[in-house]
Amino acid sequence: AAAAATAEYVIVPSVYTPHVARRFRLSVSGEPRPPRALSPCVAWAVESWEEGEWRGASAGGCALHETWRNNPQFAVLGVKQKSEVVVALVRQDTRADAFALGMYLVRIDAADDDLSAAPRRATTCTPRSCVATVGGMGREVTLSATLHANDDGSEARYLLVPCTRDADVEAHFTVDFFCDRPGVQAL
């Protein structure tokens with residue numbers, strides 16, 4: 001299907017290994033011809049970069065498993081207005097075997113969880129609370145979502161839950177968190 005002439009697209013150049021700087025050239029072609037100049041649509045920033053692992057009890061699997069709550073979880077704080085986020089989950093081990101990995105982005109009601117508690121644990125993942133989810137086979141998956149403040153204008157809180165499809169799958173991973181608003185971060 002042909003893309004609409006007025007459509008906007010986001011192109012994210014990246015390398016296979018996180019945090020490796022490289023020079024690149026970007027070329028865009030298509031019919032009808034794309035514009036001669038590309039311009040940044042948003043000044044995205046890496047707000048945080050976290051390492052984690054699924055090991056032992058923390059290898060909880062996806063939300064189909066009762067143990068999914070045991071996965072490592074990262075608090076997303078600072079959402080005081082509409083914010084666009086992109087999160088990349090990258091498996092760091094070099095094993096040849098492929099397995100499915102993914103993430104859930106869960107909105108936390110103020111009464112549900114204490115994000116200052118360690119370890120953080122989401123108690124529910126319902127269609128109402130789950131803002132976004134993504135999964136796939138391979139070494140990396142990327143999630144895009146729009147986050148909103150609470151209806152009363154107060155700061156909203158979210159949890160990011162990286163996971164594998166199956167429970168008891170162990171691996172190291174990194175989470176790269178990008179946002180179009182300064183101050184929104186994953187911890």
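Leaving aside neighbours within four places in sequence, L89 is in contact with W54, L101, G102, M103, R139, E140, V141, P162, C163, F173, T174 and V175, where contact means heavy atoms within 4.5 Å. The model in which these contacts were computed is a predicted one, in which local features need pLDDT of at least 70 and side-chain atom pairs count only at pLDDT 80 or more, whereas totals for chains, interfaces and linings use all residues. Residues are numbered from 1 along each chain as its sequence is written, and side-chain values use heavy atoms, with hydrogens and water left out.

The chain contains nine strands and zero helices, where strands (E, at least two residues) and helices (H or I, at least four) are DSSP runs numbered from the N terminus. Along the sequence, the pattern is accordingly written β-β-β-β-β-β-β-β-β. Of the contacts in the chain with a separation of 6 or more, 82% are accounted for by residues 24 or more positions apart. Buried residues make up 34% of the 187 residues, with buried meaning under 20% relative accessible area, exposed over 50%, and partly exposed in between (1.4 Å probe, protein chains only). The accessible surface of the chain comes to about 11500 Å², and 52% of this surface belongs to carbon and sulfur atoms; these areas come from the Shrake-Rupley method with a 1.4 Å probe, and for residues only the protein chains shown count as cover.

The largest nonpolar core has 26 residues, and those with the most contacts inside it are V76, L89, L105, L147 and L160; such a core is a set of buried Ala, Val, Leu, Ile, Met, Phe, Trp, Tyr and Cys residues joined through side-chain atoms within 4.5 Å. Two or more residues are given to this core by each of β2 (74-79), β3, β4 (100-108), β6 (140-147), β7 and β8, and β8 gives the most, with five residues. Apart from this core lies another, of ten residues, among them A75, Y104, C130 and V161. In soluble globular proteins, nonpolar side chains tend to be buried together.

Strand β8 (residues 171-179) is mostly covered, since seven of its nine residues are buried. Strand β3 (residues 83-91) pairs with β8 in the antiparallel sense over seven bridges, two strands being paired if DSSP finds at least two bridges between them. In β3 and β8, V86 stands opposite F178. T174 also lies in strand β8 and is buried, with a relative accessible area of 2%. The side chains of T174 and Q92 are joined by a polar contact of 3.2 Å, that is, a pair of N or O atoms within 3.5 Å of which, within protein, one must be able to donate a hydrogen and the other to accept it, residues adjacent in sequence counting only if both atoms are side-chain atoms. In the loop between β7 (156-164) and β8 is found D168, which is exposed, with a relative accessible area of 65%. The phi of D168 is near 70 degrees, a positive value in a residue other than glycine. Most residues other than glycine have a negative phi.

The count of aromatic pairs comes to three, where rings of Phe, Tyr and Trp (its six-membered ring) pair if their centres lie within 6.5 Å, with planes under 30 degrees apart counting as stacked, over 60 as edge-to-face and the rest as tilted. The rings of W68 and Y104 have centres 5.8 Å apart and planes at 55 degrees, so this pair is tilted. F74 and F173 form an edge-to-face pair, at 6.4 Å centre to centre and with 85 degrees between the planes. F74 lies in strand β2 and F173 in strand β8, so this pair ties together parts that are 99 residues apart in sequence. Both F74 and F173 are buried, and ring pairs link W54, F74 and F173 into a cluster. The side chain of W54 also makes a polar contact (3.5 Å) with the side chain of N71, a residue of the loop between β1 and β2 that is buried, with a relative accessible area of 0%.

V131, in strand β5 (residues 130-137), is partly exposed, with a relative accessible area of 35%. Leaving aside neighbours within four places in sequence, V131 is in contact with L105, V106, R107, A145, T146, L147 and Y158. V131 and Y104 are 27 residues apart in sequence and 7.7 Å apart in space, C-alpha to C-alpha.
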